[in-house]
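Let's take a friendly walk through this model together. Please keep the sequence and the 3D view open as you read.

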Amino acid sequence: MANHAMMLIDTSKCIGCKACQVACQQWHSLPAEDTTFEGSYTNPPDKSGANFTVVKYIEHVDGNGDLRFLFFPDRCRHCLNPVCKAACPASNPPHTPPHPPAIHVFPWGGVAINESRCNNALSKDWCNKECEMACPFKTGFPPKGVPRFEYEKDGQPVNNLPAQKCDFCYDRFGNADLRGDNDPPTPQDGARFRGYFSTFSGDPPHSNRPACEVACPTCALRVSWHTVVIPYANSRVSSLQGDGFPDACLYPPTPVGTHMLWVLQYRPEVYGL
Amino acid sequence: MTNHWNDIENSDVIMIIGSNAAENHPISFKYVIKAMHNGGKLIVVDPRFTRSASKASTSNGIMLYSKMRSGTDIAFMNGMMKHAIDNGKVNWNYLRDCTNASYMLHPGFETCREGNLGEFSGLQPETTKRHRANNYDKTTWAYQYVVAGQPLTDTAAWGACNSGDIASGLLAAPHADSVWAKLINQLSTYTISEVCDITGADPTTLEEIYEVYTDTCADNMSACIMYAMGSTQHTYGTQNVRSYAMMQLLMGNTGVAGGGINALRGESNVQGSTDMCLLWHILPGYLAATTTKAAHKNRTQYNLTYTAGKAPLDVTPGDPVSLTWWSKGNRYMDSLLQAWWPLEGAAGSLNTAYDYLPKADNNRAYSHIDIFEDMVTVPPVGGFPEKVQEIFGLMCWGQNPAVGGPSASFERANLANLDWLVSVDLWETETAAFWKPDGSGGSLGIPGRAPATINTTVYQLPAAASYEKEGSVCNSGRWSQWRYKAAEPPGLAMDDLSIMSELAQRLITAYQAAPPSPHPNLRDPVANLWWGPYCDPLAVATGGATPHEDAHGGAGQNYDDGATDSRTGLLHANPHKVAWEINGYWCPSCGVPGNIGWRVDCFWANHPAGRSTLQTNGATSSGNWLYCSHYVNPGDPINCFDTSTTFPGGGAPDDGPLMGNRQENRDPVDVVRTGYPGTQIGLYRGWSVCWPVNRRIIYNGASVYQPGHPNVGQPLAPQKWVVAWDAAGTVFRTPGGDVSDGYKPPGGAGCRMPFIMHREGHAHLFGYGRQDGPFPEHYEPWDTVCTQNPLGTPHLNSPTLFRHPRAQAMERATPGSPQFPAVATTYRLTEHWQSGQMTRNNPRLCQLQPEAFVELSEELATALGISNGDTVQIKTQRTELYGKRMLAKACVTKRFKPYSLVGGGVPDDEVHHVGVIWHYGYSGHCTGHSANLLTPHCGDANTAIPESKAFTCNLRKINPTWPHGPWL
Ligand code: SF4
Ligand code: SF4
Ligand code: SF4
C-alpha cells in the first residue's frame, strides 16, 4: 500500500467541545439545522445533510463502578475499500465510464462525494440512496450508514440533496479537485502535502489540514501518513491501558482498513459502535 | 493568573476546582492534555461530573474526580490542608522563608475553634453599613513586632529566619500564638469524615486526591489550581480562593513553573478591564479607589499610605527585608492624576486633580448589586430607614444584566424606574428590549407590566465586534496583545473607543459651557478632563522639545487620528494614542528638556538616559503604571527587563526594532535557555508583553532557595527552573529564564523577600486584610437547605456577607424550608457564551445547544416522574417573590448524584442537587429562561460578587395539560 493519509481521533484527548463539528459546517458552508434539546449534549442527534461530523456523548459506568463521560466525534471512516462506492450505481459501470464516479476515492485514501454526479441530486430514479444503505457503519434508528441526504430547517424538511458526508477536507489539501479514478495521480493527490502533516511531536496543525483538526483545541484530531499514525496510535493505546483504561483499543480494529482511526478508552460497544 | 495558560503544561498535578475549564476555557485544555501526556495528573472537583471531569486521571485505581456540594469548597480545602499538615506533607523551607507561618500573632487573636465558635475574635454585633450584617474589629488580627514594622517570629520552632534546611518538621511545638499554631487550631475540625459530611464527597476518593495533591510539597514538584466563577460567586468566594492560595503556600507551589493560583478569566479582555479598574473599589493599576476615610482626605494623606511603606490596608511600616512594592504607589497615583488632569498649572495642581476624584462613601458599596438596589426606593425594613432611588440613568456597555445579573426579575423590573437606558452592544440585548411587548399584554422583561406604562427612554448604540476594531486585549495570563481590525463594522456601528471619545468630548464641552459652580468639584473634574490635544501641547506649552510621534501618531489633535468616518461623519478615535497615554510620557515639570514628550520606558528601571521610572509630582504621566513599558519609544536603547536573554533570530524582542508598541510582538519561538540546564517552560517572552515588566510567572523569587540556605539562588525544581543565580546566589545566570521578581540577588546584600507586594515580603497564610476572617471557615450559602452549620457552630452563614436589608427581608428562603428542599447551582456551556448575545445570535451554535436546560440525577427524575427532554419548572424564593416562572428542559443524567449531607439538619441527611444553564434570555435566535431568574441578590463579604452558584430550589414536571407533576 502506498503511503496514505490518515486522521487519528484520540478520544482520550477529546473534551467534547464540538469545535470540530462547527468548523466542519463552516468550511463546507453547511447551514444550521433545526434541533431541540432532548436530554443529550449530542445535537443534532446524528450525522445529517447539514452535519458531516457530530460529537456523540456517552455516559458510561465502567467495571470499577466509575462514571465516565465519553466523547466520540463521529464521521465517515474513509474506507480502504469503500462499500458505499461499490454499491453506488453512479460509481460503477455502465455509468462509469464515461462519467466520473459519484463517489471518488483519492489515491491518498480520502473518499468524497462528487455532488454533481450523485443521482439523488440528479433526481434520477435508479438509485435509492444505495450508499447510505450499504455503508456498514450504521448509527441512529432506523440505522443508517454515513452518507445522509436530509435535514430540517425552519420547520421544513430539506431532502433533495446529493449524498452528504465528511470529505476529509480534500479541498483544503491544496485545492485538489475531484477527477476520474482512471486519471493518473498527480502531486496534488497527497504527496505535495507532506509538509503539512503532523509529526506528533507537538507541532501546531498546519492551516491546510482539515477544518476540524485545525479547530480542535486539544489536538485530539491529527492527520499524518498512515505509517506515522498507526504506530503512534498503538503507543497511545498501550499508555492508556497502563493508565486505568485496560480496555483501550483502536477503532476500527484493523487500522489499515480505514483512513480515520480512533483511539478509544473502552470497547467499541460502549460507544454504540 | 499568577502563572499563564501555557505554563499549565509544566504541572505535575492540576486541580480544577470551581471551574469547568474543558467547557468554559477549552483552549486551556491544550496545556492540561499536554501535562497529562507527560505524566501529569488531573484532579477535578465539581458538584457535577463535567466535561472536565471526563478527563480526570486515575491513581491507585481511583478516579481523581470528587463530587462536592455547591458552596463547600472551604471544607474540601481545609480538609486538604489539615491532611497535609497532619502527614507532614508540607514544604517546610518554603513556609518559613516565603510565608508568614512562623510569625507571632496578637495574643488576643482567636480562631473559630476558640472563644465564640464559628467566628474570629473581634466580631461586632451591629454595623452602620447597610450592605453587611456584621463587621469585624480587626485589632487582634495582627502580628507581634520585634521593633516597629519587623514581625516577631517563632524561632524556637522554626529556627532563625532562613537558616538552612528544615528537613522534616519543626524544632519544637509551635508557639500557641504563632500563625502556624493558629492555623492548625483553625483546621482541627476538618477531619476527612467531617469534610465528607459537609461536602458529600466519598472518603476514599477524597483521601486519594489529598495524597496525590500533597505529593507536590516536594521542592521539584508543582501543582496548579484552575478556578473561576464556581469559586468566586459565593458569599465567601474570596475565602474559597484564599483556601486555594494557602494550599499552594503549604506546598511551595506559588512562584514556580507549573504552579500558582490561576483564575481563568471568562472573556478575552476581562483581565485587561480589571487592570483598568472595571471594579468600583480600585483605580487603574489596582490603586485604591478614593473614599471618604481620613487617609484619603487629600493627596498628601493618600500618598502617605503608600510612601510610608504600607500597602493601603496596612497600619505599620514594613519589614527591612521587604521591598514593599506598594511604597512606590505615590508615583503611580501622581502619574495617573497627571494623565487625567495635566494642565492644571504648576504647584499644587495635582492636589486639585486629586480633589477632582470622586470620594466613595466609606460606609457604602458601589457594586453591581448596589447599582440595582439603588435604582429603586425601598421602604424601611429590618430597622433600616427608607432608602430612596438614586440612580436614574444607566449605560450598559457590553453588559446584559437582564440575563447576566443576579435576581434577574428584580433587575429587569428596576430598568423601568430609569429615565434613560443606553445599550452599547452588537445586538438588541434582553436589557435593551426589556420594555417590548411580550404578546400577552405585558413586556418582555416585566411580564404583566404594559409597555405603555414604562417611561424609560432606551437608546441603542450599535457597537463594532472585536474583529471590527483595533486595540489591545489582555488575557488571563496577563499577556497583552495588539489586535488589528479585519473588517469594517456594519451599518453605523462604531468601535467602543470612538463612541466613548465622542461622548466624552461632548460632555466636556457641555461642562465647559456651564457657568462656574460654587461647588467647583461638580463642574471642574469634567470641564478640565484632559482629552487632548494629544501630547504636543505639553511640549509646546514649555517651548520644549518635539515629542516623539511614531508612525501611528496621526494628524489628529485629540484622541482621533484626523480621519472622519464617512458613515457617521464623526472623527475616528486612535487606539495607539490611548495606548501611549496609558504607557505614560515625560511631562514639562520633569525639568529635563530632552525627556519631555518621550515615553517612559518602564515603571521602574535604571536607564542611563533617565527615561525610565515613573515619577512623583507630575514629572511623568501614566494612565496605568502596570502598562508602563507596553508602548515605548521606538528605537529607544533601553532594555528595562533583562539584558542577558538571547532570542532566536538575534536581538531581544523585548528591545528589538519592533519596539514602540510591545503588544504587537509576535515571536512564536520560545526563549533559548542556555543559562542553566532544564527543559523549555514555554515563557515565549517575545510573544506579546506581559505585566509586570514582561514577568511571566509572578513571585518567581520564591522558585529558588532563599538567603541563608546553602543552595541560595538555586531553583527548587532545576528541571523546570524559572530564574536562577550562580553558586553564590549573586550573579543572575538565566539567559532564557523569566524576568526575576524583586531585582536583588538572593545571595547578595540588600536582598528582599519574594512576595514583594506585601509589606512583610512574605505571603499570607494568615490573611488579615479580608473582611470575613484571616483563615477560611465553612459557612453555608445564604440560601441553604441546612438549618444549622454542619460544623455545629452557631453561624449558619458568613457573619459579614454582603446583602441589602431589602434582599435579606424578601429574597432569602427560610433556611431548610421544605418549600425549597434541593440545592441548585448555575453554569455555562462550551456552546454558548455569557448572556448569550454572541452565540444565541449564531444559528450554528444555537443548533448545538438550542434550549435552556436543567441537569438532574436519575434518582431525582424518578422521584418526580421526569424524563429526558421534559419541560421542568424550577422555583426559588425569587421566582415566587417576583411571580416569574422559570422553565427549562430536563437533562436526566448520571453526572449528578444525590448528596449525603450530615449535620445540617436536612431530612434523612440527603439532598438532591441540580444545575441550571444561565445563557438564555428572550432576545436572539434561540431563546429560553435565564437561570438568573432563580439567583439571589447577595454577595461576597469582600467583593460583593453575587452568590450565583449555590441556592435552594424545588422543581416539578410541566405537562402539556393540567395537572403538572408533583413538587419535590
Ligand atoms: S464509512 Fe461508509 S461512507 Fe465512509 S467510506 Fe466507508 S463505506 Fe463509504
Ligand atoms: S475532515 Fe473535513 S469534512 Fe471530515 S469531519 Fe473534518 S472538517 Fe468535516
Ligand atoms: S474539536 Fe477536538 S476536543 Fe473538541 S469535540 Fe472535536 S475532537 Fe473533541
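## A parallel sheet in chain B

In chain B, 5 strands make up an open sheet in the order β5-β2-β1-β10-β11, with parallel pairing. At its edges lie β5 (65-66) and β11 (261-263) of chain B, each of which pairs on one side only. Keep in mind as you look around that this is a predicted model.

Inside this sheet, strand β1 (residues 13-17) of chain B and strand β10 (residues 223-227) of chain B run parallel and are joined by 4 bridges.

## An antiparallel sheet in chain B

Chain B also has an open sheet of 3 strands, ordered β17-β18-β21, and here the pairing is antiparallel. Its edge strands are β17 (471-474) and β21 (689-690) of chain B, and each pairs on one side only.

Which strand does β17(B) pair with over 4 bridges? The partner is strand β18 (residues 479-483) of chain B, in the antiparallel sense. Within that pairing, V473(B) has Q481(B) in β18(B) as its bridge partner.

## A covered strand in chain A

Now move over to chain A and find strand β10 (residues 260-264). Is this strand mostly covered or mostly open? It is mostly covered, since 5 of its 5 residues are buried. M260(A), W262(A) and L264(A) point one way from β10(A), while L261(A) and V263(A) point the other way, and all are buried.

β10(A) has pairings of both senses. Strand β1 (residues 5-10) of chain A runs parallel to β10(A), with 4 bridges joining them, and M7(A) stands opposite M260(A). Strand β9 (residues 249-251) of chain A runs antiparallel to β10(A), joined by 3 bridges, and there L250(A) stands opposite V263(A).

Ligand 1 is surrounded by 14 residues, of which C76(A), R77(A), C79(A), C84(A) and C135(A) are the closest. Sorted by class, this shell holds 11 nonpolar, 1 polar and 2 charged residues.

Ligand 3 has 13 residues around it, and C14(A), C17(A), K18(A), C20(A) and C216(A) come nearest. By class, the shell of ligand 3 contains 10 nonpolar, 2 polar and 1 charged residues.

## A nonpolar patch on chain B

M395(B), W420(B), Y459(B), M500(B), L503(B), L507(B) and Y511(B) make a nonpolar surface patch of about 600 Å². Which helix gives the most to the nonpolar patch? Helix α18 (residues 496-513) of chain B does, with 4 residues.

One member of the patch, Y459(B), is found in strand β16 (residues 457-462) of chain B. Y459(B) has a relative accessible area of 43%, so this residue counts as partly exposed.

## A tryptophan in a loop

W604(B) has its place in the loop between α21 (575-583) and β21 of chain B. The relative accessible area of W604(B) is 26%, so this residue too is partly exposed.

How far apart are the C-alpha atoms of W604(B) and D355(B)? They are separated by 27 Å, and the two residues lie 249 residues apart along the chain.

How values were computed. Residues numbered from 1 in each chain as written. Chains lettered and ligands numbered in written order. Predicted model: local features only at pLDDT ≥ 70, side-chain atom pairs only at ≥ 80, totals over all residues. Heavy atoms only, no water. Near = heavy atom within 4 Å. Nonpolar A, V, L, I, M, F, W, Y, C, P; charged D, E, K, R; others polar. Pairing = 2+ DSSP bridges. Helix = DSSP H or I, 4+ residues; strand = E, 2+ residues; numbered from the N terminus. Patch = residues over 30% accessible without salt bridge, like charges linked within 9 Å, V, L, I, M, F, W, Y side chains within 5 Å. Areas by Shrake-Rupley, 256 points an atom, 1.4 Å probe, with all protein chains shown as cover. Salt bridge = Lys/Arg side-chain N within 4 Å of Asp/Glu carboxyl O. Buried < 20%, exposed > 50% of the residue type's maximum accessible area, 1.4 Å probe, protein only.
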